[in-house]
Amino acid sequence: MNPLFSTKQHVSPEWVDYNGHMNDAEYARAFSLAAEDFINFIGLDEMGRIEHSYTIFTLETHICYLKEAHEGEELTIKSHLLDTDAKRIHQFLLMENQEGELIATMEQMIMGMDQKEGKPAPFPEVVAKKIEEIYKEDAKREQPKQAGRRIGIRRK
């Protein structure tokens, strides 16, 4: 089952490090750009942010690096909403290479902010409806195996 939201990017030369593949910070950039595309998709593009005096802040992220990405390579980043409430989204982003192989994941918690009040607030109604529509579809999909991972050294 395909996600309701995905976006494409290419690995630019500036993203490649001395190891000959995409630098770890650039994976974060690629995911951030994809998250921005998602925010536009749910109705909080520039006009939506102005109209509703509302924006999104990132609260937490966790990236898993699974394979290398190389200069010029096309990346597809797919979204999977794991959970949502009135003002937060628990989102999982999956980065695939041109062959459709999973090369990285990012799990994040984002929160809606009322720009006039400068504090968290429920999503505007039209945005909340779009989020709920996506969440209902994503709930039918298998949960990504990397979701909810902890970082730590495994001991025997």
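Helices (H or I, at least four residues) and strands (E, at least two) are DSSP runs, numbered from the N terminus. Keep in mind that the model is predicted.

In general, most residues other than glycine have a negative phi. S53 counts as buried because its relative accessibility is 17%, and buried means under 20%.

Next, the inside. The largest nonpolar core has 17 residues, and M22, F31, A69, L75, I77 and M95 touch the most other members. Two or more residues each come from α1 (24–44), β3 (74–84), β4 (88–96) and β5 (102–114), with α1 giving the largest share, five residues. Pick out I77: leaving aside neighbours within four places in sequence, its contacts include S6, T7, Q9, A30 and F31. Apart from this core lies another one, of 15 residues, including I42, I56, I131 and I134.

Now hop over to I89, in strand β4. Not counting residues up to four places away in sequence, I89 touches F38, I42, L81, D83, T84, Q108, M109, I110, F123 and I131. One of these, Q108, is 19 residues away along the chain, yet the C-alpha atoms of I89 and Q108 are separated by 8.1 Å.

| Residue | Relative accessibility |
|---|---|
| S53 | 17% |
| I89 | 0% |

How values were computed. Residues numbered from 1 in each chain as written. Predicted model: local features only at pLDDT ≥ 70, side-chain atom pairs only at ≥ 80, totals over all residues. Heavy atoms only, no water. Core = buried A, V, L, I, M, F, W, Y, C linked by side-chain atoms within 4.5 Å. Buried < 20%, exposed > 50% of the residue type's maximum accessible area, 1.4 Å probe, protein only. Contact = heavy atoms within 4.5 Å.
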